[in-house]
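Open the model in your viewer and keep the selection tool at hand.

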There are 2 protein chains.
Amino acid sequence: MFRGNHPTRVDEKGRLKVPAEFKRRVDELYGPQFFITSKDGKRAELYPMKEWERIEDALAKAPSSGAKKKFLDVTNYYGQVVEMDAQGRLLLPQLLREDATLAGDVAVLGMQTYLVVANDAQHRAQLAESPLTDADIDALGVVGI
Amino acid sequence: MFRGNHPTRVDEKGRLKVPAEFKRRVDELYGPQFFITSKDGKRAELYPMKEWERIEDALAKAPSSGAKKKFLDVTNYYGQVVEMDAQGRLLLPQLLREDATLAGDVAVLGMQTYLVVANDAQHRAQLAESPLTDADIDALGVVGI
DNA sequence: TCTTAGTGGAAAGAAGTGGAAGAAAGTGGT
DNA sequence: ACCACTTTCTTCCACTTCTTTCCACTAAGA
């Protein structure tokens, strides 16, 4: 399980340094292979290969639909299989770097089964724009929050 | 399995450079022969010959229908058997190059068993036109995305 | 001070590109 | 009908550019 925010940097070659905390988990639970993609072109999502394959399988079983087609179109457009180097760096796909403004300082968020990489300023703006409401929390139906 | 997007170029002779990542897979699993066609004239689809033959077989067993006739009509209209050269290039059928505006920068998308070649700008425009919404994602009902 | 995390960059190798030379196909004239 | 010429197509060679990998240094924390 990936948890929390670990700020890191993207160098001029477009390489993302995977924060040590996340790298430990990756080494332990998964291999060095990732599927890096995006659902909106605004932030990168890093799926350990196993997790992405699980999603592909689930998707293959789902009936054809507009949503499914759109999902495949966009995730395949931004997506690339990428291998982490010995120093724990991932070369982000160029299209995604450009569209999501991923350069210099970025935030890496643990989202349970995958990681999100976002431009810090952009991410703050989005949080401000669509904040979590009481109604959202109620809808989750989770006790103790 | 073909996955993700590997941008490449079509030169003035109409030759598509197959991205190295995809070429490796082709060399490994299939031969250099492809069936290049389209279902809508808007983007090219590249089927390794084996995969296309599998489709033909399935089609031969299906009962005659309007859908089948239309499928054969359009795929045979645009279709051509093409062999990859030693440098990993495919000469795209001229009709398809014209109708799908395949020149200069193009996106090559891995769709599991086949590849899609699309004009980059055109594909982006389509993504922008019908974006993937939160509701779409909810509708998929897949855990962990 | 020692160990672990993070960074930069050089060298080797792979990928991509253009174009020249050879082959094939098409055309016209005797 | 055959030959010669022209033009187009195809294949392959050679160069350039980019990518990847790995080494070594710096910085930070224990």
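Which residues does B:His123 touch, not counting residues up to four places away in sequence? Select B:His123 and these partners: A:Asp73, A:Tyr77, B:Arg43, B:Leu109 and B:Ala118, where contact means heavy atoms within 4.5 Å. This is a predicted model, in which local features need pLDDT of at least 70 and side-chain atom pairs count only at pLDDT 80 or more, while totals for chains, interfaces and linings use all residues. Residues are numbered from 1 along each chain as its sequence is written, chains are lettered from A and ligands numbered from 1 in the order in which they are written, and side-chain values use heavy atoms, with hydrogens and water left out.

B:His123 has a relative accessible area of 3%, so it is buried (under 20%, with a 1.4 Å probe and protein chains only).

Next, select helix H5 of chain B, residues 120-129, which holds B:His123. Helices are DSSP runs of H or I, at least four residues, numbered from the N terminus.

Axes are lines fitted to C-alpha atoms over the stretch in contact, and angles run from 0 to 180 degrees between N-to-C directions. Show A:Lys69, A:Asp73, A:Val74, A:Tyr77 and A:Tyr78, which meet B:Asp120, B:His123, B:Arg124, B:Gln126 and B:Leu127.

Finally, select helices H2 (residues 49-61) and H3 (residues 66-78) of chain B, which pack at about 150° with axes 11 Å apart. H2(B) is therefore roughly antiparallel to H3(B). On H2(B), show B:Trp52, B:Ile55, B:Leu59 and B:Ala60; on H3(B), show B:Lys68, B:Phe71, B:Leu72 and B:Thr75.

Terms used. Helix = DSSP H or I, 4+ residues; strand = E, 2+ residues; numbered from the N terminus. Buried < 20%, exposed > 50% of the residue type's maximum accessible area, 1.4 Å probe, protein only. Parallel < 35°, antiparallel > 145°, perpendicular 65-115°, else oblique.
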